[in-house]
Amino acid sequence: MAEDLQIAKGSKEEQYQNLLPQIGGLLQGENNQVANLANIAAALKEQFNFFWVGFYLVDSTEELVLGPFQGPVACTRIKKGRGVCGGAWAQEKTLIVPDVELFPGHIACSSLSRSEIVLPVYNQGEIIGVLDVDSSELDSFDEIDEKYLTQILKLLDN
């Protein structure tokens, strides 16, 4: 597949529906995890112009380390259970935060981040990291984001 995305207009759901097969095409035949995570982050950032999109990867039993991302510099390490990313990892579930200022223990890597969604990333049934998406607007994420981001992440699960 060509490395150019076809940026869609329309509703959020229509944009995800257009993007999903394009990401599938980018990942097809590529086994390198870093390359695939980098392309997913870039595609999401380009399509939706999110403030920050990236991955934190499990580095030990108690810590996530920064992986491929798009956006401003970020926190490098996050303890399990700490903040939204560490919480999603510890709870093994998606966390949607409409206002990060109201989230207990939120780690403010940037004061410009206002809302966030974090999803666990699985490989063969084990959590290998999390996908973290931040918006500069309040209440940017909902069940539509969760549905399609989950589908995108399933493309990684071998």
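D59 is partly exposed, at 42% relative accessibility; partly exposed here sits between buried, under 20% relative accessible area, and exposed, over 50%, with a 1.4 Å probe and protein chains only. Before I go on: this is a predicted model, where local features need pLDDT of at least 70, side-chain atom pairs count only at pLDDT 80 or more, and totals for chains, interfaces and linings use all residues. Residues are numbered from 1 along each chain as its sequence is written, and side-chain values use heavy atoms, with hydrogens and water left out.

Now the salt bridges. I call it a salt bridge when a side-chain nitrogen of Lys or Arg lies within 4 Å of a carboxyl oxygen of Asp or Glu. That rule gives 6 salt bridges.

D59 pairs with R77, with 2.6 Å between the closest N and O atoms. D59 sits in the loop between β1 (52–58) and β2 (63–70), and R77 in strand β3 (residues 77–79), so the bridge ties together parts 18 residues apart in sequence. Helices (H or I, at least four residues) and strands (E, at least two) are DSSP runs, numbered from the N terminus. R77 is also partly exposed, with a relative accessible area of 42%.

E63 counts as buried, at 17%. Through shared partners, D59, E63, R77 and K79 join into one network.

Next, K12 and D142, bridged at 3.3 Å, N to O. K12 is in helix α1 (residues 12–27) and D142 in the loop between β6 (126–135) and α4 (143–154), 130 residues apart. K12 is partly exposed at 23%, and D142 is partly exposed at 25%.
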